[in-house]
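Hello,

Here is the structure I said I would send. Please open it alongside this email, as the notes below refer to residues by number.

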Amino acid sequence: MTTLSAQPRFLRSITVDRASKFVSTEFFSDINLYSKLYKKRSPDAVELSVYSVPDLKRIPFEKATKQSFQPTSTGTCYGPSWSTHWFKLKITVPEDWAGEPVELLWDSSSEAMIWSTDGIPRQGLTGDKGNDRRVEYTLLKEAKGGDVIYLWVEMACNGMFGTGKGGLINPPEDDRFFDLCLAEIAVPNPAAWQLFYDMQVITGMANELPNETARGQEALYALNQVIDTYDRDNLDASLKKCLQISQEFLSKKAAPDSHHVTAVGNCHIDTAWLWPYAETRRKTARSWSTQLRLMEDYPEYVFVCSQAQQLEWLSQDYPKLFREIKEASKKGQFQVIGSTWVEMDCNLPSGEALCRQFLYGQRYYEKNFGARCKIFWLPDTFGYSAQLPQIVKQAGAQYFFTQKLSWNNINKFPNTTFTWVGLDGTKILTHMAPCETYTAQADVGDMVRSIKNNHDLAFSNQSLLPYGNGDGGGGPQRAMLERLRRMKDVDGLPRCDMGSAEAFFESVEEKAKGLQEWKGELYFELHRGTYTSQAATKRYNRKLEFLLRDVEIATTLCMSLGRDYAYPKAELDLLWKDLLLNQFHDVLPGSAIEMANIDARAIYRDIETKGKRLLEECLSRLYQSKSLGDGSGDSFVAFNSLGWDRSEIVEIPAQPDYNLQQYSASKNTGYVRVDHGAFEYRDIADSKAETSRVQAISQGQELILDNDYIIAKFNQQGHLVSLYDKYERRELIPEGQAGNLLKLYEDVPLYWEAWDVEIYHLNTGKSAGPGKARIGEVGPLRATIIVEHKLTNHSTASQTIVLTAASRRLEFHMEADWHESRKLLKVEFTWDIISDFATYDSQFGVIQRPTTYNTSHDYAKFEVCGHKFADLSEHGYGVAILNDCKFGYSTHGNVMRLSLLRSPKAPDLNCDMGHHEFAFAVFPHKGTFHESNVVRQSYQFNVPLVIHPIAKNTLKEHKPMSYFEIDGAKNVILDTIKRAEDSDHLIIRLHEAFGGRAQFKLKSPLNVQSVVRCNILEDDGEPVAFDKSARASGWIVLHAFEILTLKLKVK
């Protein structure tokens, strides 16, 4: 009699669920495969004692191990948040464990680090239950039995992602305690572990491969077979049979022409985010020591490490570990990458700051690891400047890697492997990981996404998989490496190799064909609030970028003029490195916790103090008389650090023998007009009396500022109701409209509070509370209107609106006491101008963006980043909004808005609460932007003349002269003058600012011996002709938005 089969058809959903629970840590974990991963355990083998460090201090190993330790045990909780506790471990291996491998299992529900008795970090540990859990440490490959081992464990009372209260990005919980729930030794079961990893891959394939594919069905069949065969009562024999089944399935090879994935281990460590800088210094040791241990067991494993700043910290704090890393680097397993000092924000830093990121980063890598990086590695920042391709290439790198644009919340970025074309036309091979993360888990899903999300399979059959736990560090885990070994060449998946990112790019460069090109900025359609959050941080950054610029220019001139002055390179390097540190992509954008922001502001204050001291010392030496010691005295000199002539009204202390045309209300200071040449210093007493006049008058209900150029009319609330250009006989404010409107918007994003301003906020704008305007100064050099604003019941602001006799620039100097919750303050201007595009200042150039909402790509740019200005121009005329520390703009139609202050509540509960000072200005101009003086005006608004006291006798010995001039091209900006890195040569950096060709001569009265072109790293290039008798170069040609660095030998 025929018997029917007893085996029913398996169902996909049930099988996958069954397989997941077979290896689950939560379901049936007393009897499933997970329960058999260790053959033996012994909590009694670990003897514990502890020292709790007071006052939230982080102390070094040498100090910690000398303290008095007290006995403790598991089940004890330690805290509060951010505290540190050191444990001394005495481990005695049972005699009957002889011949077995032994692991320490440690879970303090927090981050921790194992130290050897000779003070070397051995491995990081991560407790609790997340994907980043890492609680095992290999003590012995083969125990003798009775072994006695001593170790130290440094417990940090924070999780991998800090101590957010009730959620990842919430403000930290100050009083959290962490449970030491596990401290024991165990003997792993190798066969159970092998099956465990096999099952992860097969389950992944069953879950990710389409149900209708044969390979997906085979995976389901294999899973059922394994689980059916597993017998916990006859464990060893059944594990052997199960492994035969799993390995038979995994042994089927992929097709030779399958897509190829290069898996690169990394542990992205945010230099500060939900933790302070001081904790990052420990995170690096925890993360990287862990990777060294994995390299010992997996010789094919390649790990990449970015951010020179973190490596420098490690060398300072953990020199023995740093030496181990350098040895691993020589073997090719630990590869430094990235090219920059930190993984910086790319929207907000100046062009020169971006150059310095590469200069300091590449020099560090070359000095400490023997080579420059070829890859600009920046997986996690909030948009990418259109000048980066040129800067990257000029900094010696050839390739660019990121993935962040996969987070876009409106349009899907269309490319994966492509050529990115910069503002000037420079091209760089770029890859955006199709797995769409830099913290891939190296599982089947990542492999499938590497094909599914790859937009360029027709052009390149390769992709990069950056895997490893990140943001808070950690890096790849043993399970990830085991999965990658199994997925190396298996039917149903891409072929995969652990390899280097550099080898991947070189292979793509060789094999890819017909790659698509993307021209211009890589605009990130998310995190637009980072242009505005943490206003104080952004103000410090802008001001200090220009302060260090002034210091470098003055100190370089002082050195070149033979003032017996030692260029303070070491100190300037430290100041620059600190400024670059704070440009990390969660600090400068304003998306870090309050503790990190407090640290950043302390660093800024230190830079400001030291930078101003250097500038004062240098100017005193620069103006020093041969007959007088210090050059200080009873007159004043103004120094123009910009590369063109300028006229400004400046405020100086009143002097008995000065006959000032206008005094301030206090009579302690007064105003004078100063006319200066490029890079020139001049006695203020030489200034001619101003013949032009400005006045402030009241006329009916209007308050009026009037000079030779414009008439600005304000109503009683301080709104700009008329702006009239006298020369062009043109009114700029449409009838019934106004400018200087302060508006409040509801600012409640979908999730990322400090990061995001969402498009719907534009529907919620309301006028801020009423203002009250009055006339302040009445002229003849400077006239002002004072406006007091009651923004809300909690917040106030005051504006000093300034018009001088020397300019058509209408300035708004503003102070605010801001105490809001999830509100956004903007200032709004409506112009009688029609243009489909607005022009925004960017690093070493400009970006044009639409003012329409025609397409999804247009309205995705409802809030954009600009630096010193935004300009709206039509044929024949335009107007620019300048600013001294703001970055968020929104231009729609003829309405321009500048974002001033936000008030998100996570991750910094007190973001932007308190007092603020900032300024913006309106600059109307004849002609389009390209015909205007907007770029120079924006510099002048940000770079005031430097006023310095000086003895009159001194001035007789130093005739005013322009130390550098650009002759023949107003579209060229000489932005940087510094000493060369490795000599006393001078470095000057210029750029074409408008997007056109320029031809010019560089003139200088200095004793220039030779000039050569060089790159950002200051490698010599082609010589540039320089006529010593004429003190001028030959004609130099710059193309649109080109950055040019010159090296001058000066005798």
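Tyr-751 is partly exposed, because its relative accessibility is 42%. Please keep in mind throughout that this is a predicted model. Tyr-751 sits in the loop between strand 33 (741-746) and strand 34 (766-767). It belongs to a nonpolar surface patch together with Leu-168, Ile-410, Leu-750, Ile-759, Tyr-760, Tyr-853 and Tyr-859. The accessible area of the patch comes to about 700 Å².

Helix 1 covers residues 12-22, and its buried residues are Thr-15, Val-16, Ala-19 and Phe-22. Viewed down the helix axis, these fall within an arc of 120°, so they line one face of helix 1. Residues three or four places apart in an α-helix point the same way, because there are 3.6 residues a turn. The exposed residues Ser-13 and Ile-14 are on the face turned away from the buried side of helix 1. Helix 3 (190-208) and helix 4 (214-229) are among the elements that cover the buried residues of helix 1.

Helix 9 (residues 351-369) is another case: 16 of its 19 residues are buried, so the rest of the structure largely encloses it. Just after helix 9 comes Gly-370, with a positive phi of about 85°.

Two glycines in loops

Is Gly-468 buried or exposed? It counts as buried, because its relative accessibility is 0%. Gly-468 is in the loop between strand 20 (462-467) and helix 12 (478-486). Setting aside neighbours within four places in sequence, Gly-468 contacts Asn-266, Tyr-438, Thr-439, Ala-440, Gly-475, Pro-476 and Met-480. Of these contacts, Thr-439 is 29 residues away along the chain, with 5.0 Å between its C-alpha atom and that of Gly-468.

Gly-700, in the loop between strand 28 (695-699) and strand 29 (702-706), is exposed, with a relative accessible area of 64%. Its C-alpha atom is 9.9 Å from that of Gln-716, and the two are 16 residues apart in sequence.

Salt bridges

The structure holds 72 salt bridges.

Arg-485 and Glu-300 meet through their side chains at 2.6 Å, N to O. This pair links distant parts of the chain, 185 residues apart: Arg-485 is in helix 12, and Glu-300 is in the loop between helix 6 (277-297) and strand 14 (303-305). Arg-485 is partly exposed at 38% relative accessible area, and Glu-300 is partly exposed at 30%.

Glu-828 and Lys-743 form a salt bridge of 3.5 Å, N to O. Glu-828 is in strand 39 (residues 823-830) and Lys-743 in strand 33, so the bridge ties together parts 85 residues apart in sequence. Glu-828 is buried, with a relative accessible area of 6%. Lys-743, at 19%, also counts as buried, since the cut-off for buried is under 20%.

Glu-1042 and Arg-1013 form a salt bridge of 3.9 Å, N to O. Glu-1042 is in the loop between strand 57 (1036-1038) and strand 58 (1043-1050), and Arg-1013 is in strand 53 (residues 1008-1014), so the pair ties together parts 29 residues apart in sequence. Glu-1042 counts as buried at 16% relative accessibility, whereas Arg-1013 is partly exposed at 25%.

Salt bridges with shared partners also join Arg-58, Glu-111, Glu-154, Glu-279, Arg-282, Lys-283 and Arg-286 into one network.

Backbone points

Where are the cis peptide bonds listed here? One runs from Gly-779 to Pro-780, with omega near 10°, and another from Ala-906 to Pro-907, with omega near 5°. Pro-780 is in the loop between strand 35 (771-778) and strand 36 (782-790). Pro-907 is in the loop between strand 46 (895-901) and strand 47 (914-926).

Trp-82 is not a glycine, yet has a positive phi of about 75°. It is in the loop between strand 4 (76-78) and strand 5 (84-92) and is buried at 4% relative accessibility. Phe-679, also not a glycine, has a positive phi of about 45°. Phe-679 lies in the loop between strand 26 (669-676) and strand 27 (680-683) and is buried at 1%.

Regards

Key:
Residues are numbered from 1 along each chain as its sequence is written. This is a predicted model: local features need pLDDT of at least 70, side-chain atom pairs count only at pLDDT 80 or more; totals for chains, interfaces and linings use all residues. Side-chain values use heavy atoms; hydrogens and water are left out. Buried means under 20% relative accessible area, exposed over 50%, partly exposed in between (1.4 Å probe, protein chains only). The arc is that of the directions from the helix axis to the C-beta atoms. Contact means heavy atoms within 4.5 Å. Patches are made of residues with over 30% relative accessible area and no salt bridge: like charges are joined within 9 Å, nonpolar side chains (Val, Leu, Ile, Met, Phe, Trp, Tyr) within 5 Å. Accessible areas come from the Shrake-Rupley method with a 1.4 Å probe; for residues, only the protein chains shown count as cover. A salt bridge is a side-chain nitrogen of Lys or Arg within 4 Å of a carboxyl oxygen of Asp or Glu.
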